[in-house]
Amino acid sequence: MLAATLLLGLRNRPAHSLLICTFNRGTQGLSRHAARTCAVSARAPLSTSCTRRQSEASKIESKTLDVLGTAYATDDWTNTPPAILAKTGRNLLHQPSHPLAILKELIFKEFPTFAHYDSLSPVVSTHQNFDSLGFAQDHPGRSKTDTYYVNQNTLLRTHTSAHQLQLLAAISQGEHNVLMQAKNNFAAPRNERFLVAADVYRRDEIDASHYPVFHQMEGVCTFSREEVRDKIRQATTAERDSRTGDACHSDQVAQMVDATVVGEDNPMQSAHSAEEVAFLVKNMKQAMNDMVVQILTKAVAAQQSSGEVSASGSQTQFPVRWIDAYFPFTSPSWEMEVLFQGEWLEICGCGVMKQEILNQAGMPDRIGWAFGFGLERLAMLLFGVHDIRLFWSSDSRFVGQFSPGRINSFRPFSRHPSCAKDVSFWLPAESTFHENDIMDLVRETAGDLVEGVKLIDSFTHPKTGKGSRCYRINYCSMDRNVTNEEINVVQELVRKRMVEQLGVTLR
Ligand code: PHE
């Protein structure tokens with residue numbers, strides 16, 4: 001199965017000793033909210049090849065595809081199924097009582113001087129999503145097995161970074177229709193600082209913490225080089241230390257763990273001076289630390305005032321650590337992780353923006369940093385939601401538990417019984433099989449009735465060399481009981497489609 005790594009980053013973690021800093025930001029108690037585990041994005045770099053069988057399997061017959069009211073011409077790249085298209089209009093971030101929308105507003109409040117976007121269309125160009133950010137032509141993220149394409153040049157954004165160049169360039173290119181979409185376009189009139197909250201789409205495995213649609217919050221902050229020079233001049237010697245670990249504060253809610261160093265493994269760009277990088281990194285980490293602490297603190301306060309006890313355990317402190325990472329559009333780069341119930345949860349990728357992006361945007365005299373937070377992961381932690389599918393539920397027992405501006409622990413309602421069905425098959429002779437094709441096929445057939453799909457057996461026949469797989473599909477409705485007969489019908493359909501669309505031989 002796929003490992004939980006940031007999709008677009010390839011991990012690069014030199015062993016390092018940890019330096020623990022404490023934060024100092026008030027005396028509030030500590031949160032006990034949270035979820036067991038969850039996903040910002042979970043996708044390991046996979047094969048870059050797209051086989052004929054896959055493109056056949058995913059080909060959408062009609063010549064145009066309607067996405068949010070616009071008809072797009074289809075081609076060999078088209079692989080976005082109706083169940084995914086249906087999600088583009090759900091607008092969870094615009095439902096004020098939805099946990100993801102509550103979290104979005106909390107983050108927006110933390111950055112009052114940034115322009116706030118939350119209505120940008122999920123349909124973007126391949127150029128926006130990949131080329132503008134310096135993705136190599138053979139980057140695994142571009143593969144049809146990982147990304148939902150509308151056609152070769154158009155796709156459902158896989159990350160909010162797709163809007164970086166577009167929003168930075170909006171002023172110089174006079175794209176006022178884009179600028180007008182900021183909820184507070186007075187806040188950063190030249191769009192030199194902005195946040196983008198949005199739904200993002202990635203073909204992925206199915207389980208309680210992975211869903212092919214999730215939400216991210218992009219943060220971009222740029223400074224003029226002159227402004228940075230002045231600030232550096234005013235800084236004390238200690239603040240000029242190029243170690244990034246000195247961006248720690250102390251607080252009782254979160255302890256910052258940061259021993260990362262800008263160097264060969266996580267290099268600065270030749271376009272920047274060491275002082276500029278130190279300034280940007282410190283500014284970025286401080287902004288992000290402050291935001292996370294604010295949010296965790298609010299969660300604790302809400303919990304304490306309501307006297308609720310979180311179902312997710314009695315954790316009272318949240319160590320937050322920084323680790324080296326790699327993204328094509330930042331250097332140096334990091335990931336931020338929060339320790340929750342003994343497990344480090346990756347909640348964010350970030351780094352110093354590649355200068356080429358700012359140059360292309362017509363801002364060669366500015367430098368900047370960017371981050372991308374996964375909202376589901378934080379929301380699962382804050383609201384104690386254990387199954388990512390619940391965010392898509394319209395069951396009043398879920399949606400009725402939340403209200404705008406309030407963080408409270410979700411009280412799980414009785415789970416409906418689940419039903420497991422196995423399917424075993426021989427792989428097609430040519431190696432055209434990709435696990436994500438099964439995930440999409442099952443989701444397309446069973447919708448949100450599918451709780452998880454797990455590989456339980458895999459072997460190669462010693463004589464014929466044929467590959468065999470057995471997957472267990474767990475069916476469970478979030479809002480009703482399902483009968484065995486009903487599931488049998490769905491399972492039969494899944495089996496039939498696997499033969500027709502993936503070319504497997506059932507065993
Ligand atoms: N877009 C990256 C992802 O989804 C996260 C990121 C955003 C990293 C901004 C660096 C800067 O994986």
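Two strands are taken as paired if DSSP finds at least two bridges between them, strands being DSSP runs (E, at least two residues) and helices likewise (H or I, at least four), numbered from the N terminus. Residues are numbered from 1 along each chain as its sequence is written, and side-chain values use heavy atoms, with hydrogens and water left out.

Nine bridges link β16 (residues 450–460) with β17 (residues 467–475). Six residues lie between the strands of this hairpin, and Gly-465 adopts a positive phi near 75 degrees there. Both strands belong to an open sheet of four strands, paired antiparallel in the order β16-β17-β15-β18. Because β16 and β18 (505–506) are at the edges with a single partner strand each, one side of each is left without a neighbour in the sheet. Helix α12 (residues 435–446) packs on this sheet, touching β15 (419–426), β16 and β17, and its direction makes about 145 degrees with that of β16. Contact denotes heavy atoms within 4.5 Å; axes are lines fitted to C-alpha atoms, for helices over the stretch in contact, and angles between N-to-C directions run from 0 to 180 degrees. Helix α13 (residues 484–502) lies across β15, β17 and β18, at about 20 degrees to β15.

An open sheet of three strands, also described by antiparallel pairing, has the order β5-β7-β6. Its edges are held by β5 (123–125) and β6 (149–151), each with a single partner strand, so one side of each is left without a neighbour in the sheet. Direction ignored, neighbouring strands of this sheet are turned by 35 degrees against each other on average. Three bridges join β5 to β7 (residues 154–156) in the antiparallel sense, with Val-124 opposite Leu-155 of β7.

A nonpolar core is a set of buried Ala, Val, Leu, Ile, Met, Phe, Trp, Tyr and Cys residues joined through side-chain atoms within 4.5 Å; buried means under 20% relative accessible area, exposed over 50%, and partly exposed in between (1.4 Å probe, protein chains only). The largest such core has 78 residues, of which Phe-371 and Phe-373 touch the most other members. Helix α8 (residues 274–306) supplies the largest share of this core, 13 residues. Beyond neighbours within four places in sequence, the contacts of Phe-371 include Phe-111, Leu-195, Met-217, Met-288 and Cys-348. A second, separate core of 32 residues includes Phe-130, Val-178, Ala-182 and Ala-188.

Cys-221 counts as buried because its relative accessibility is 4%, and Cys-470 is likewise buried, with a relative accessible area of 10%. The structure holds zero disulfides (pairs of cysteine sulfur atoms within 2.5 Å).

The predictor's confidence in each residue, pLDDT, runs from 0 to 100. The protein chain averages 82, and 81% of the residues score at least 70. Values stay under 50 over residues 1–59, for which the model has 230 contacts beyond four places in sequence. Residues 242–250 also stay under 50, with 33 contacts beyond four places in sequence. Where pLDDT is low, the predicted coordinates should not be read in detail.

Notes
Predicted model: local features only at pLDDT ≥ 70, side-chain atom pairs only at ≥ 80, totals over all residues.
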